[in-house]
Amino acid sequence: ASGGSAWLINHLPAILWHRRYYVIIPAVLLFVAGVVTAYSLPTMYRSTATMLVESQDLPTNIVDAPGTGEIEQRIAKIREQVLSRGDLISLIEQNDLYASERRSGPMSDVVEKMRKATTVGAVAGDIGSAPASGTNVIAIAMSFDYPEPAKAQSVMQSYVTQFLRMDSDQVEEQANLTVRFLAELAAKLLSHVQATESQVTQLKA
């Protein structure tokens, strides 16, 4: 067996040389096929953005586990709000996205394609507590893939603007609730002061 192996190793260059066309031709065909496939595939550009969300009501025991149900629910809610059908249709029309798909198919298919090209998820390495403020921070990464780089960047800027507007609306709603609570508290204090003054007047009389 060792003699046969040694013979094969010694004669392998000669065998390959006599069968060189059986080796060279398939290698060349595979190389050409790879080059043609690489140039025929559409070029995709990815625009990305990372946003930090501070949450005081997020439990500290899950901030290091981005796969937990609560964080997934928050990410799903953000994705649902950012990728709503009406907003996507507006972005598609404003940026003239998927022109050929809009001519050949329904808008619902184009919206679904844009949703598949957009990813929203938590960044595991950037989730943790902010010791200065005592709040928990979730790092949310968004990306959008499109064949034209300028349009990919424009859509991502719109996503970020919409996300910031959504976050500011929530902050404004919380501020309104605080103002309403303070107003109700002031009204109760005023009523209490008026009742006390009435009692004092009766005592003086």
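At 38% relative accessibility, K113 counts as partly exposed (buried is under 20% relative accessible area, exposed over 50%, partly exposed in between, with a 1.4 Å probe and protein chains only). The model is predicted: local features need pLDDT of at least 70 and side-chain atom pairs count only at pLDDT 80 or more, while totals for chains, interfaces and linings use all residues. Residues are numbered from 1 along each chain as its sequence is written, and side-chain values use heavy atoms, with hydrogens and water left out.

**View A. Salt bridge between K113 and E101.** The N to O distance of this pair is 2.6 Å (a salt bridge is a side-chain nitrogen of Lys or Arg within 4 Å of a carboxyl oxygen of Asp or Glu). Because K113 lies in helix 6 (residues 107-116) and E101 in helix 5 (residues 99-104), the pair ties together parts that are twelve residues apart in sequence (helices are DSSP runs of H or I with at least four residues, numbered from the N terminus). E101 is partly exposed, at 24% relative accessibility.

**View B. Salt bridge between D96 and R102.** Here the side chains meet at 2.4 Å, N to O. D96 has a relative accessible area of 39% and is partly exposed. R102 is also partly exposed, at 28%.

**View C. Salt bridge between E112 and R115.** The N to O distance is 4.0 Å. Both residues lie in helix 6, three residues apart, about one turn of the helix. E112 is partly exposed at 37% relative accessible area, and R115 is partly exposed at 26%.

Definitions and conventions: Helices (H or I, at least four residues) and strands (E, at least two) are DSSP runs, numbered from the N terminus.
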